[in-house]
Amino acid sequence: MTIHTPEKTWIGLSPELSARVERTELPADLGFGTLMAPVMAIAHYADGAWQTPRLEAHEPMRIYPEVQALHYGQAIFEGMKAYRNLGDAIDGTALLFRPHDHARRFNVSAARLGMPAFPEEMFVYTLSRLVAHLDRLVPEEKGQSLYLRPFMFGATPHLSVTPSTSYTFSIVATPSDAFFTKPIKAWIERGYCRAGPGGTGAVKAAGNYAASFAAAAKLGELGFQQLLWLDARDRTKLEEFTAMNVVVRIGERLMTPALTDTILPGITRDSLVRLSASLGTPIEEVAIEIDAVLDAIRAGEDVELFGCGTGAVVAPVETLGDESGLRLDLPSQRVARLYRETLLDIQHGLAPAPDGWQVPVARTTADPAAAARTGA
Ligand SMILES: *Cc1c(COP(=O)(O)O)cnc(C)c1O
């Protein structure tokens with residue numbers, strides 16, 4: 001098993017799978033994860049090397065019950081999107097948003113969990129091939145996308161508490177609407193913590209998310225949608241949401257918590273920070289006391305708070321609450337709306353962006369000859 005360079009290897013689709021993609025229709029109500037694409041990418045790692053990824057039918061995976069991923073949580077993922085190219089400045093029918101940055105972060109996650117890196121070029125190439133074949137599942141409307149979920153898990157069937165020696169890498173895809181099209185109510189979590197110093201909070205380790213579920217269980221009946229986490233040491237500083245970073249505006253100041261080893265370095269967060277200077281007010285990366293934010297709202301200042309992440313892009317918060325009975329409405333969503341539109345314009349190719357932010361993918365029409373040539 002060796003790693004082939006993208007130029008030498010054509011990741012193709014069998015005629016049967018092409019036909020299956022051709023028969024797949026987008027549901028009228030996309031939602032999120034309602035329809036999983038009928039094709040996924042998959043590659044295995046063993047004996048110190050990655051196999052060339054292949055495109056296969058989306059179907060149940062066969063794994064042994066004692067794999068490390070299931071018992072010890074040796075599993076990581078990425079969340080990213082392909083958007084319909086709605087502009088005319090860039091070729092390509094779809095655009096991947098900052099895929100190399102996602103590939104690099106994937107490998108930071110891999111290293112933290114003692115897993116092998118997946119080569120960055122192969123990561124982006126595999127994504128591109130998958131999206132090229134799934135072009136008809138990239139929805140057309142602004143804000144919608146083909147959500148892509150690369151993931152990797154330890155697949156060695158052995159119960160010892162040691163890293164796997166074999167791994168599976170895969171990418172599944174699902175057409176999706178934008179999350180949180182309405183403003184959200186955020187719950188300041190004062191009991192549980194999401195991440196601790198020296199832990200895995202700064203990477204997309206699967207277990208981080210399961211660890212939030214007990215805290216999130218109460219949200220529905222309270223009428224809240226998201227947990228807003230505080231730092232584990234002092235429980236006074238804002239960290240982030242469960243899968244979004246947070247930005248706060250107090251008057252003319254825009255701020256996001258400075259990155260620490262308990263905050264996931266979001267690519268959306270980084271994009272907003274980098275765009276903020278040209279939008280008039282640079283986002284300061286600083287420690288933010290939750291009480292300073294609450295006091296400013298109570299004092300009647302012009303305050304807003306929003307989440308930012310791949311899924312939601314930008315999600316304005318309308319209400320903050322907590323277990324003490326606190327319920328505070330935020331007076332503004334002005335900057336959140338500006339950032340949301342600015343970023344979506346870039347993601348859909350309607351506005352220029354820094355290098356690497358808009359990676360075009362061209363639709364692949366069914367080509368049985370090409371597939372047959374490679375035996376794919
Ligand atoms: C994925 C994620 C984010 C957002 O990162 P993006 O790269 O912007 O999607 C923020 N916080 C956590 C905990 C995450 O898992």
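Tutor: Sorted by class, the shell around the ligand holds 6 polar, 5 nonpolar and 4 charged residues. This is a predicted model, and the description below should be read as such. Of the 15 residues around the ligand, those that come nearest are K204, Y209, E240, T268 and T310.

Two of these residues place side-chain atoms by ligand oxygens. For K204, a polar side-chain atom lies 2.7 Å from an oxygen atom of the ligand. For T310, an N or O atom in the side chain is 2.6 Å from an oxygen atom of the ligand. The backbone takes part as well: a polar backbone atom of I267 is 2.7 Å from an oxygen atom of the ligand. On its own, the ligand has 380 Å² of accessible area, and the protein covers 98% of that.

Now to the space itself. The ligand takes up the largest pocket, whose volume is about 660 Å³. The lining of this pocket consists of 33 residues, and F179, Y209, T242, A243 and M244 lie nearest its centre.

At least two lining residues each come from the strands β7 (145–154), β10 (226–230) and β15 (303–309), and from the helices α5 (206–216) and α7 (267–276). Helix α5 gives the largest share of the lining, with 6 residues. By class, the lining of the largest pocket comprises 18 nonpolar, 11 polar and 4 charged residues.

Conventions:
Residues are numbered from 1 along each chain as its sequence is written. This is a predicted model: local features need pLDDT of at least 70, side-chain atom pairs count only at pLDDT 80 or more; totals for chains, interfaces and linings use all residues. Side-chain values use heavy atoms; hydrogens and water are left out. On a 1 Å grid over the protein atoms alone, a cavity is a set of points where a 1.4 Å probe fits but cannot get out, and a pocket is an open set with protein on both sides within 12 Å along at least five of seven lines; lining residues have an atom within 4 Å of a point. Grid points are joined across faces, edges and corners, and a volume is the space filled by probe spheres set on the points. Helices (H or I, at least four residues) and strands (E, at least two) are DSSP runs, numbered from the N terminus. Ala, Val, Leu, Ile, Met, Phe, Trp, Tyr, Cys and Pro count as nonpolar, Asp, Glu, Lys and Arg as charged, and the others, Gly among them, as polar. A residue is near a molecule or strand if one of its heavy atoms lies within 4 Å of it. A polar contact is a pair of N or O atoms within 3.5 Å; within protein, one must be able to donate a hydrogen and the other to accept it, and residues adjacent in sequence count only if both atoms are side-chain atoms. Accessible areas come from the Shrake-Rupley method with a 1.4 Å probe; for residues, only the protein chains shown count as cover. A molecule sits in a cavity or pocket if more than half of its atoms lie within 2 Å of its grid points.
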